[in-house]
Amino acid sequence: MSITIERRERAFKEALTFGEFIAAMEVNRELFEANYVAYDLSETDKAFFASLEAPVEVLVLAHDWCGDVVANLPLFGKIERETGKLRLHILLRDPDNTDIAAAYPHPDGRNHIPTYVFFSQRGKELGVFIERPEAITALQSGWRQTFFENHLEFEGQNKPLSEMDAAVKTAFLAYLRQQRRDNLALEQTAILEAIKPIIGQPAITLS
């Protein structure tokens, strides 16, 4: 599935810039900005983006409460500001843009944020990156196990977040945020490996 040209144009018109998204954040802003500062593009990465003849338009579905947004949207913002080769158009998924989310489901059949949809300057849809790198997903079960091993007073190791007691959920999310913070280098490498084949397609350089 994908969205129509008209829906994409309306989304771009209604979207927030990266700076506007930060200014509107009600939670997690300090960590978001710290992650932005921590990301550091290598000369190789900068050379890759410099090699793109035209910027790539990126439609982003996000919310400030989402840990994955806080962890990796700052990287996309850093790329945009330092290279000029990404143009971010950020929308809150809920409640007005669930139709876009439904058009780009995760492989598990549900929609997740952040969702990044890449378009060439000619309007060609290039690809999608959803939620987080697989390398980070692979680590999360281990992080969960370690957290509960270190907090025997907490119950709910096998429960989804929505079913955890409030105190357990708060502590667990704080722990996950710290783990993501400690693994930003891995996150950056994995995201760039995932999106470079998407945004480096020849279609974005055609006149």
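Tutor: E187 forms a salt bridge with R180, and the closest N and O atoms of the pair are 2.8 Å apart. The term salt bridge stands here for a side-chain nitrogen of Lys or Arg within 4 Å of a carboxyl oxygen of Asp or Glu. Both E187 and R180 are buried, where buried means under 20% relative accessible area, exposed means over 50%, and partly exposed lies in between, with a 1.4 Å probe and protein chains only.

The model is a predicted one, in which local features need pLDDT of at least 70 and side-chain atom pairs count only at pLDDT 80 or more, while totals for chains, interfaces and linings use all residues. Residues are numbered from 1 along each chain as its sequence is written, and side-chain values use heavy atoms, with hydrogens and water left out.

R180 also meets the side chain of D68 in a salt bridge, with 2.7 Å from N to O. This pair links distant parts of the chain, since R180 sits in helix α8 (residues 166-182) and D68 in helix α5, 112 residues apart. Helices (H or I, at least four residues) and strands (E, at least two) are DSSP runs, numbered from the N terminus. R180 and D68 are both buried, and for D68 the relative accessibility is 7%.

D68 has another partner, R132, and the side chains of D68 and R132 meet in a salt bridge of 2.9 Å, N to O. R132 lies in the loop between β4 (125-130) and α7 (134-150), whereas D68 belongs to helix α5 (residues 67-83), so this pair ties together parts that are 64 residues apart in sequence. R132 is buried too, with a relative accessible area of 15%.

If you put these pairs side by side, salt bridges that share partners join D68, E131, R132, R180 and E187 into one network. E131, a member of that network, is placed in the loop between β4 and α7 and is buried, at a relative accessible area of 11%. The backbone of E131 deserves a look as well, for its phi is near 75°, a positive value in a residue other than glycine. Most residues other than glycine have a negative phi, and most peptide bonds are trans.

With that background you can look for other such places along the chain. N28, which is not a glycine, has a positive phi of about 65°. N28 is found in the loop between α2 (18-24) and α3 (29-38), and with a relative accessible area of 23% N28 is partly exposed. The peptide bond from D94 to P95 is cis, with omega near 0°, and P95 has its place in the loop between β2 (86-92) and α6 (98-103). Another cis peptide bond runs from I113 to P114, with omega near -5°, and P114 lies in the loop between α6 and β3 (115-119).

A search of the whole structure finds 12 salt bridges. The protein chain has 22 positive and 31 negative side chains, and the centres of the two sets lie 4 Å apart; Lys and Arg count as positive and Asp and Glu as negative, while His and the chain ends are not counted, and the place of a charge is taken as NZ of Lys, CZ of Arg, CG of Asp or CD of Glu.

The secondary structure comes to nine helices and four strands, which follow the pattern α-α-α-α-β-α-β-α-β-β-α-α-α when read along the sequence. The radius of gyration of the protein chain is 18 Å, close to the 17 Å that the globule rule gives for 207 residues, so the chain is as compact as a globular protein of that length; this radius is taken over C-alpha atoms, and the rule is 2.2 Å times the number of residues to the power 0.38. Of the 207 residues, 46% count as buried. Among contacts between residues at least 6 apart in sequence, 75% join residues at least 24 apart, a contact meaning heavy atoms within 4.5 Å.
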